[in-house]
Amino acid sequence: MNKYELLIRFSMLEHKKPSKLKKYINTSVNDIDDELILRQCQLSKEQIQQFYQFNVQPILDWLNQDNHHLISYYDPAYPEQLKQINNAPLFLFIIGDPLLLATAQLAMVGSRQFTDYGAQWARYFAAELAINGLTITSGLALGIDAISHRGALDVKGKTIAVLGSGLNHIAPKTNYYLARDILANQGAIISEFLPNIQARSEYYPRRNRIISGLSLGTFVVEASPNSGSLITARYALEQNRDVFALPGEIDHLNSGGSHWLIKQGAYLVTKPSDILEHYTNHLNWLKKQTQLYATSSLLHNDILAVINHHAMPIDIIADKTGQTVTDVAIKLVELELEGLVKTVSGGYIKNGALAIDN
């Protein structure tokens, strides 16, 4: 029996004993004596009968498609970072570049119900970290996860999406085009679940342990006290990985979880170099930071540079940029038409919607 078929069948058993498999499976893909291994793993007669009843042909057909891969725990290509955690997945299904799993990764996570502040900084940090050599790993969820993936793509950086479903079911469906763009940029989408498994709420914590397990550290951009992002941070701590957090507005609920992490000892992050300096030895090269933002190559950078998530009146913008109010007003109209800024009570802010591309 093919090694991968054996592992797939084994994973579908109830009360399985994967810890024993390593003793009996070699690196060869072919000519495995499955009956011998099942006896050595001390499976019951009922389990052995169940083992042979599974229909694994659809999964094997999936693996025969272009750019589809399966890596088992016992393969040399299995990511070393992930192998170090407790309860590492028996195998990973992959669409895209499997070699990307061996690169230096940073997990970026945050709230689904994000703010303009969170959207702006998630996209900015993801771009900066990606252009400096880190692979951005996240969960393809709505909100900060999706924005972080998009930030890496903005600069042609690498990003990995970890799903809480099988790879035949991109979840949420609204992020289908984001998943397509990740693959088009030589990224990867991965899952421990069989390809036809639908997403379920109880699968997301399992996904989160993989996100943190693949990564050198986890960066929480924006999180409420009840955010699922704190689960990923907890896993990171249990896995002896770094946890970083971006401080936010003290009176906003979405900052509560981030601030709690900082109080517990997470690294407070205010600029990309706070993270990059931790991982210089893991990167092949470290470019001088260019202070990229997703819109930095667009028009009127001088105006965009002084506008942030706080409403800024037009006269203050003019004063900070050394321009006349009339000139600034014309440029702001052009920026607003491009969707880069928006008018709010009290002035102008960067448009957080720019970072939403689900």
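Student: Where is the place of N67?

Tutor: N67 sits in the loop between α5 (57-63) and β1 (68-72). Keep in mind as we go that this is a predicted model.

Student: And what is the phi of N67, given that it is not a glycine?

Tutor: Here's the general idea to start with. Most residues other than glycine have a negative phi, and most peptide bonds are trans. N67 is not a glycine, yet its phi is positive, at about 70 degrees.

Student: You mentioned peptide bonds too. Which residues does a cis peptide bond join?

Tutor: That would be A171 and P172, where omega is about 0 degrees. To find the spot, look in the loop between β5 (159-162) and α9 (176-184), which holds P172.

Student: Let's move on to helices. How are two packed helices described?

Tutor: You use two things: the angle between their axes and the distance between the axes. The crossing of α7 past α8 is right-handed.

Student: Which residues in α7 meet α8?

Tutor: From α7 you have G118, A119, A122, R123, A126, A127 and A130, and they meet I144, I147, S148, R150, G151, A152 and D154 in α8. Sorted by class, that contact has eight nonpolar, three polar and three charged residues.

Student: At what angle do the axes of α15 and α16 cross?

Tutor: Roughly 110 degrees, for helix α15 (residues 314-321) and helix α16 (residues 325-337), with the axes coming within 9 Å. That angle is why α15 counts as roughly perpendicular to α16. In this contact, I314, D315, I317, A318 and T321 of α15 meet V325, V328, A329 and L332 of α16. The classes here are seven nonpolar, one polar and one charged.

Student: Which residues line the largest cavity?

Tutor: Look for Y117, V221, E222, L246, P247, G248, N254, S255 and S258. By class, this lining divides into four nonpolar, four polar and one charged.

Methods:
Residues numbered from 1 in each chain as written. Predicted model: local features only at pLDDT ≥ 70, side-chain atom pairs only at ≥ 80, totals over all residues. Heavy atoms only, no water. Left-handed = near helix turned anticlockwise from the far one by under 90°. Helix = DSSP H or I, 4+ residues; strand = E, 2+ residues; numbered from the N terminus. Contact = heavy atoms within 4.5 Å. Nonpolar A, V, L, I, M, F, W, Y, C, P; charged D, E, K, R; others polar. Axes fitted to C-alpha atoms, helices over the stretch in contact; angles between N-to-C directions. Parallel < 35°, antiparallel > 145°, perpendicular 65-115°, else oblique. 1 Å grid on protein atoms, 1.4 Å probe; cavity = no way out; pocket = protein on both sides within 12 Å on 5 of 7 lines; lining within 4 Å.
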